[in-house]
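Please read it beside the sequence and the coordinates.

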Amino acid sequence: MNYRFRDLLAIEPLSADEITFFLDQSKPFQEIQRNPLKKLATLRGKTVALAFFENSTRTRLSFGTAASRLGADTMNLQAEASSLKKGETLLDTANNLNAMKPDCFVMRHSSSGAADFVARHLEIPVVNAGDGTHEHPSQGLLDALTIRDRKGSLNNLNVTILGDIAHSRVARSNIHLLGKFGCRFTLCGPAMWVPRELEHIGPPGTPIRCVYRVEEALEDADVIIVLRVQTERLYEPSLSQNDYILLYQLNEERMKLAKPDALILHPGPINRGTEITPDVADGPRSAVLEQVTNGVSVRMAILYLLLVGATEGTHPALEGKSAAQAKESAHASD
Amino acid sequence: MLLIKNGRVLDPASKTDAPRDILLDGERIAEIAPAGKIAHANGAQTFDASGLIVAPGFIDMHTHLREPGQENSETIETGSHAAARGGFTAICSMPNTRPVNDNASITRFIVDRAKAFGHVRVWPIGAASVGSKGEAISEIAAMRDAGIVAVSDDGKPIATAKLARQIMDYCRSLDLLVIEHAEDVSLAAGAVMREGVAPAAAEPRLMRGEVL
C-alpha cells in the first residue's frame with residue numbers, strides 16, 4: 001500500500017492499516033541501527049528542516065539522527081537562539097526557512113494546531129514533532145512499535161496512562177493509536193490533571209475510564225505509560241511533589257498489583273524518584289531505552305515514506321544492509 | 001460506671017426529646033431508659049441531671065486554637081478547655097496558625113499536642129494553598145494521612161476561582177471537605193458590618209461563583 005497523506009500531522013485520521021504499515025516499514029530500519037555502518041543513501045542530496053520552536057533534546061536529536069542515517073542534510077532551528085525573540089511570526093519563519101529549499105519540514109511548537117497551520121502554507125511534507133497539547137505522532141508510533149515488539153500485538157490490551165494527562169500530547173496520540181486496535185484505557189492521576197472529559201477522546205466507543213487511585217489503575221494493566229511530572233507548569237497552580245509521590249509514584253510495591261509481564265513505558269525525560277523509582281525505571285519490565293532506539297527507526301521510516309514513498313522491491317534499508325555486508329566481505333578478502 | 005438520671009435527653013439523630021436516664025460504662029453508653037428504669041445500675045456513681053439537658057457533644061467546625069505561633073492568645077489546651085465547658089466534645093481548628101498548617105509536620109504537631117494537652121477531640125483543618133497564599137496547592141494528601149478532616153484558606157477566601165476549582169476537584173478525590181471563608185476582600189475592604197437591613201454583597205458574590 002502507499003501512505004495517502006503528504007504530511008504526518010496527527011495519528012487521529014490514520015487507519016489501523018496505515019499505522020500497521022508504518023510499523024512494518026520501521027522494521028528494516030531497526031536492523032540498520034544494529035549495523036556497524038549505519039548509513040544509507042536513500043535521502044542523499046535531500047535537506048530536512050528541523051524547526052523546533054519549543055525546546056526538545058530527545059526528539060530533535062532523534063529526527064536529526066534519522067535524517068543523517070538516511071543520507072540527508074539537516075537545517076537546525078532552535079527556539080532560544082532564533083529571531084523568534086525579535087518577534088518574527090511563525091508563518092514568516094516557516095516561509096523564510098522554506099525559501100532555503102528544504103525537502104521536508106519537521107516542526108515542534110507550543111500551540112496546538114501549529115503544524116497543521118504551517119502545512120497549509122507549504123508545498124513540502126510537514127512532520128508534526130509535537131504541537132501544544134494536541135498530538136505527538138512519532139512518539140505514538142514508536143510507543144506502538146515497542147509494545148508490538150514486546151507483546152507480539154497491539155490488539156485488545158489494557159493500557160494505563162499515569163500522570164498529567166490533561167496537558168499531554170503523548171497521551172492523546174497513544175489513545176488515538178491504540179484505540180484503533182481495540183485497547184481499553186485507564187487514565188489515572190490527580191483530579192485536576194485527569195478531567196472526566198477525557199473519557200470521550202479516541203475512536204468512538206473506545207473504553208476509557210478515569211480513576212484517581214493508582215492501585216485501581218494498575219490492576220490488570222498490560223501496558224503502563226508513565227508521564228513526566230512537570231513540577232512547574234505555566235498558567236497552573238503547582239501540585240505538591242510530596243503529594244504526587246505519596247499518591248501516584250510508580251514503585252516496586254505498587255507494581256506487585258500489575259500483571260507480572262506488564263510493560264512500562266515513559267516518553268522521557270524521567271524524573272527519578274518523582275513519578276517513578278529507579279528500580280522500576282531500570283527493571284526488566286521497563287522498555288524506556290528501547291523506546292528511544294525505536295524512535296530513530298520510526299523517524300527514519302517517516303522521513304523515507306514522506307520523501308520517497310514505499311515502492312515494490314527491496315526496502316532501501318535492507319538494500320543498504322546488503323551493500324554494507326558486500327563491502328565488508330570485499331575488505332575481508334583483500 | 002456513671003448513671004446520669006432525671007435529665008431531659010435531646011438527641012436529634014434518634015429524634016429523642018424526653019426524660020431519660022443514661023448509664024455510662026467507661027467510654028461507652030451502656031443503657032438508655034425512661035427515668036428510673038435502668039436495670040443494672042448497681043455500684044454506679046450517680047449524677048442528678050434534674051432540670052438539665054443531656055445531649056450528645058456538640059462539634060464546632062470552625063475554631064482558632066492559635067497554636068503553633070500565637071500562644072499568647074490561645075492554646076490547644078485553653079481552647080479545648082473552653083470548648084469542654086460549653087459542651088463541645090470535638091472541635092475543628094483552622095490552619096491560620098504561625099506557621100500556617102500547610103504540611104504534614106505541622107498537622108502532626110497539632111495532633112500530638114492535642115493528644116497530650118487537649119480536653120476534647122481536636123480535628124485539624126489543613127490549608128488549601130501553601131501559606132494560604134493562593135499560589136501553590138499544599139500537600140493535602142500528606143496532611144490527610146496526618147489527620148486533617150477538611151481544607152481551608154481561612155482568614156481569607158481561596159485566592160482565585162481557578163485554584164478553588166482545582167482544590168475542590170482534588171479534595172473530592174481524596175474525600176476531604178473544603179471550607180470556604182466567603183468574603184470578597186475587595187468589597188469588604190476592612191469593614192465589619194453593613195449599614196442597613198439586607199445582607200452584604202461580599203459573601204453572596206463569592207458563594208455564587210464557587211457553587212457554580
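The accessible surface of chain B comes to about 12200 Å², and carbon and sulfur atoms contribute 54% of it, where accessible areas come from the Shrake-Rupley method with a 1.4 Å probe and, for residues, only the protein chains shown count as cover. This is a predicted model, in which local features need pLDDT of at least 70 and side-chain atom pairs count only at pLDDT 80 or more, while totals for chains, interfaces and linings use all residues. Residues are numbered from 1 along each chain as its sequence is written, chains are lettered from A and ligands numbered from 1 in the order in which they are written, and side-chain values use heavy atoms, with hydrogens and water left out.

**Chain B: fold and extent**

- Chain B has 6 helices and 10 strands, these being DSSP runs (helices H or I of at least four residues, strands E of at least two) numbered from the N terminus.
- The radius of gyration of chain B is 21 Å, well over the 17 Å that the globule rule gives for 212 residues, so chain B is more spread out than a compact globule; the radius is taken over C-alpha atoms, and the rule is 2.2 Å times the number of residues to the power 0.38.
- Along the principal axes, the C-alpha atoms of chain B fill a box of roughly 60 × 45 × 35 Å.
- An automatic or database domain assignment divides chain B into domain 1 (2-54) and domain 2 (58-187), and the C-alpha centres of these two domains of chain B lie 34 Å apart.

**Chain B: burial and contacts**

- Of the 212 residues of chain B, 39% count as buried, that is, under 20% relative accessible area with a 1.4 Å probe and protein chains only.
- Among the contacts in chain B with a separation of 6 or more, 63% join residues 24 or more positions apart, a contact meaning heavy atoms within 4.5 Å.

**Chain A**

- The secondary structure of chain A comes to 12 helices and 9 strands.
- The radius of gyration of chain A is 20 Å, close to the 20 Å that the globule rule gives for 334 residues, so chain A is as compact as a globular protein of that length.
- The C-alpha atoms of chain A fill a box of roughly 60 × 55 × 35 Å, taken along the principal axes.
- In chain A, 57% of the 334 residues count as buried, and residues 24 or more positions apart account for 74% of the contacts with a separation of 6 or more.

Definitions and conventions:
Buried < 20%, exposed > 50% of the residue type's maximum accessible area, 1.4 Å probe, protein only.
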